[in-house]
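Dear colleague,

I am passing on a structure that I would like you to look over when you have the time. Please have the sequence and the coordinates open together, and my notes follow below them.

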Amino acid sequence: QCQGNQIPLEPNLWFGLGPGIIILLLTVTSSVLACFARSCQQGTCCVLLLGNVLLLLLLLALPKEGPCPRQQSVEEVNWQGLMLDLSLSVGAFAAVGGLAAWAAEFVARPIHAVPRDERLA
């Protein structure tokens with residue numbers, strides 16, 4: 001029963017399943033298909049299984065919405081926190097981009113031997 005004689009909300013179900021379980025079933029199905037497409041290579045299947053387990057743990061850790069409606073609260077926007085989050089995300093993207101550029105220049109690039117001049121020996 002809800003407080004104040006409020007009517008409980010109907011859950012958003014599809015064939016009796018909630019959206020989290022549907023997402024989990026879709027990722028498991030796509031993971032199994034990807035595993036079969038890659039001829040069941042051990043690394044691919046383990047990574048996909050780990051991803052599904054992490055998704056399940058995330059869905060279990062997220063707070064669940066109850067059947068009773070909640071009153072919407074009007075809150076003031078924390079502009080300082082918003083700007084800090086924005087600057088942190090821009091800095092993180094710049095760092096990842098710089099790391100990718102460095103890796104493309106120095107790590108992924110093949111090293112060629114320089115011919116030795118026989119006259120200097």
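The buried residues of helix 1 are Ile-22, Leu-24, Ser-31 and Cys-35, and the elements that cover them include helix 2. Please keep in mind throughout that this is a predicted model.

As for the overall picture, the protein has three helices and zero strands, so that the pattern read along the sequence is α-α-α. Of its 121 residues, 7% count as buried, while the exposed surface comes to about 11,200 Å², with carbon and sulfur atoms supplying 67% of that area.

Returning to helix 1, this element has 19 residues and spans 27 Å from its first C-alpha to its last, which is close to the 27 Å expected at 1.5 Å a residue. Just after helix 1, Ser-39 adopts a positive phi of about 60°.

The axes of helix 1 (residues 19–37) and helix 2 (residues 42–61) come within 9 Å and cross at roughly 175°; with angles over 145 degrees counted as roughly antiparallel, the two helices are therefore roughly antiparallel to each other. On the side of helix 1, the contact is made by Gly-20, Ile-23, Leu-24, Thr-27, Val-28, Ser-31, Ala-34 and Cys-35, which meet Cys-45, Leu-48, Asn-52, Leu-55, Leu-56 and Leu-59 in helix 2. Sorted by class, this contact has ten nonpolar and four polar residues, with no charged ones.

Key
Residues are numbered from 1 along each chain as its sequence is written. This is a predicted model: local features need pLDDT of at least 70, side-chain atom pairs count only at pLDDT 80 or more; totals for chains, interfaces and linings use all residues. Side-chain values use heavy atoms; hydrogens and water are left out. Helices (H or I, at least four residues) and strands (E, at least two) are DSSP runs, numbered from the N terminus. Buried means under 20% relative accessible area, exposed over 50%, partly exposed in between (1.4 Å probe, protein chains only). Accessible areas come from the Shrake-Rupley method with a 1.4 Å probe; for residues, only the protein chains shown count as cover. Axes are lines fitted to C-alpha atoms, for helices over the stretch in contact, and angles run from 0 to 180 degrees between N-to-C directions. Angles under 35 degrees count as roughly parallel, over 145 as roughly antiparallel, 65 to 115 as roughly perpendicular and the rest as oblique. Contact means heavy atoms within 4.5 Å. Ala, Val, Leu, Ile, Met, Phe, Trp, Tyr, Cys and Pro count as nonpolar, Asp, Glu, Lys and Arg as charged, and the others, Gly among them, as polar. The expected span of a helix is 1.5 Å times one less than its number of residues.
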